[in-house]
Amino acid sequence: MKGLRDYIINFGKLKLGKHEFEFTIDEDFYKHFEYSLVKKGKVDLLLTIDKQKETLLILNFAFKGYIQLECDRCLDEFEYPVNSEKKLYIKLEENVNENDDELIVLEPGAYEVDISPYIYEFINLELPLHKSCDQGGKDCNPAMLNYLGHVNDTEEDIDPRWASLKNIKDKK
């Protein structure tokens, strides 16, 4: 993807040992993923690459910041905190058939890896199933909640076939 060249790590030039890289994940990053659930936010990423052998790398991702989400209840935007750590292993081998989500197998001649899809996945894994303003430390929009309360209180004409079932529910 164009514009994501900063996220291509040339590990071929790295010496054995630990190396740190810092990134800021913001709107410029999210716009490259067309159907992204996250469009705004600011997450600082500290990537530590531990090159243990010429054929083994350990990538430690430390995320800290927030992503902008829309509340499922009142539709207001709120800042959802992100504070997580993830780990990936990169192995340079031929014909490895391991099926592990944390292991990336590259051809022995590879010297770089694009980490942008992994960053995108890790941030999206932080999304809660149900998004609400209280997760961002604020209250829902009272005007919207008031509107929703009035909408739910109105009784519509009930189909007579279901009216008797409603009576059963009311008796309990």
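1. Order of elements. Along the sequence, this predicted model follows the pattern β-β-α-β-β-β-β-β-α-α-α. The count comes to 4 helices and 7 strands.

2. The sheet. An open sheet is formed by 5 strands. Their order is E2-E3-E4-E5-E6, and the pairing is mixed. Strands of a sheet pair through backbone hydrogen bonds, in either the parallel or the antiparallel sense.

3. The edges. Which strands stand at the edges of the sheet? They are strand E2 (17–25) and strand E6 (103–106). Each has a single partner strand, so one side of each is left without a neighbour in the sheet. On average, neighbouring strands of this sheet are turned by 20° against each other, direction ignored.

4. One pairing to look at. Strand E3 covers residues 40–53, and strand E4 covers residues 56–70. The two pair in the antiparallel sense over 13 bridges. Find Leu47 and look across: Phe61 in E4 stands opposite.

5. The helix across the sheet. Helix H2 spans residues 116–125. Which strands does helix H2 lie across? They are E2, E3, E4, strand E5 (77–92) and E6. Helix H2 runs at about 50° to E4.

6. Burial and surface. The protein has 172 residues, and 33% of them count as buried. Its accessible surface comes to about 11900 Å². Carbon and sulfur atoms hold 48% of that surface.

Technical notes: Residues are numbered from 1 along each chain as its sequence is written. This is a predicted model: local features need pLDDT of at least 70, side-chain atom pairs count only at pLDDT 80 or more; totals for chains, interfaces and linings use all residues. Side-chain values use heavy atoms; hydrogens and water are left out. Two strands pair if DSSP finds at least two bridges between them. Axes are lines fitted to C-alpha atoms, for helices over the stretch in contact, and angles run from 0 to 180 degrees between N-to-C directions. Contact means heavy atoms within 4.5 Å. Buried means under 20% relative accessible area, exposed over 50%, partly exposed in between (1.4 Å probe, protein chains only). Accessible areas come from the Shrake-Rupley method with a 1.4 Å probe; for residues, only the protein chains shown count as cover.
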